[in-house]
Amino acid sequence: MTSPQSGSLSTHAYQDPTPMPADVPKVAELGVTSAPLKSAAFFFGAYCKEFNDDFMLCKNESRDPGHCLKEGRRVTRCATDLITKMRENCLQQFDSHWECLERNNQEYHLCRKPERTLNSCMFEKLGLTKMIPGSPAGQPPIHEVQNPIYKGIQK
């Protein structure tokens, strides 16, 4: 037999009651959704490279989640700085690109036109270029191809 139970759905956001250790620096969260993060992802790689590398080396040292909190906070602080600079310098291009990603199931190939304007603005104003790791040498990166040919994945 089953007995009915009342629902336990809460309308309040969950907050972990465990305080952060005192030696971990305080840092605010980014406050953006997945589309702006995906729009800025390749620029994060260029802008925050040293912090990302330190964090990944730290994660390889230990499986303890608390071991790399300081390095993780540095990455978050760097990402916050980049998002702020993108909003100050390329707000219109940044907004149009991440809104396109939001509308198109976060598919890059459907948003190449706003991506090109964002890439040129980021290069002109911040000196950052979009580099895709593992791109074939001697060929233009996929985001710079003017007339790409799309094929079905299955043959």
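1. The structure is a predicted model, in which local features need pLDDT of at least 70 and side-chain atom pairs count only at pLDDT 80 or more, while totals for chains, interfaces and linings use all residues. Residues are numbered from 1 along each chain as its sequence is written, and side-chain values use heavy atoms, with hydrogens and water left out.

2. Helix 2 (residues 49-61) and helix 3 (residues 69-103) pack at an angle of about 155°, and their axes are 9 Å apart. Helices here are DSSP runs of H or I with at least four residues, numbered from the N terminus, and the axes are lines fitted to C-alpha atoms over the stretch in contact, with angles running from 0 to 180 degrees between N-to-C directions. Helix 2 is therefore roughly antiparallel to helix 3, a term for angles over 145 degrees.

3. Where do helix 2 and helix 3 meet? On the side of helix 2 the residues are F51, N52, D54, F55 and C58, and on the side of helix 3 they are E71, G72, R74, V75 and C78. The residues of this contact divide into 5 nonpolar, 2 polar and 3 charged; contact means heavy atoms within 4.5 Å, and Val, Phe and Cys are among the residue types that count as nonpolar, Asp, Glu, Lys and Arg count as charged, and Gly is among the polar ones.

4. V75 belongs to helix 3 and, when its neighbours within four places in sequence are left aside, is in contact with F51, N52 and F55. V75 and F44 are 31 residues apart in sequence, and their C-alpha atoms are 9.3 Å apart in space.

5. The whole structure holds 4 salt bridges, each a side-chain nitrogen of Lys or Arg within 4 Å of a carboxyl oxygen of Asp or Glu. In one of them K85 meets D81 at 3.8 Å, N to O, and these two residues, 4 residues apart in helix 3, are separated by about one helical turn.

6. R112, E115 and K130 are linked in a network of salt bridges. The closest N and O atoms are 2.8 Å apart for E115 and R112, and 2.1 Å apart for E115 and K130. The latter pair links distant parts of the chain, with E115 in helix 4 and K130 in the segment after helix 4, 15 residues apart.

7. K85, by comparison, is partly exposed at 29%, and D81 is partly exposed at 33%.

Terms used
Angles under 35 degrees count as roughly parallel, over 145 as roughly antiparallel, 65 to 115 as roughly perpendicular and the rest as oblique. Buried means under 20% relative accessible area, exposed over 50%, partly exposed in between (1.4 Å probe, protein chains only).
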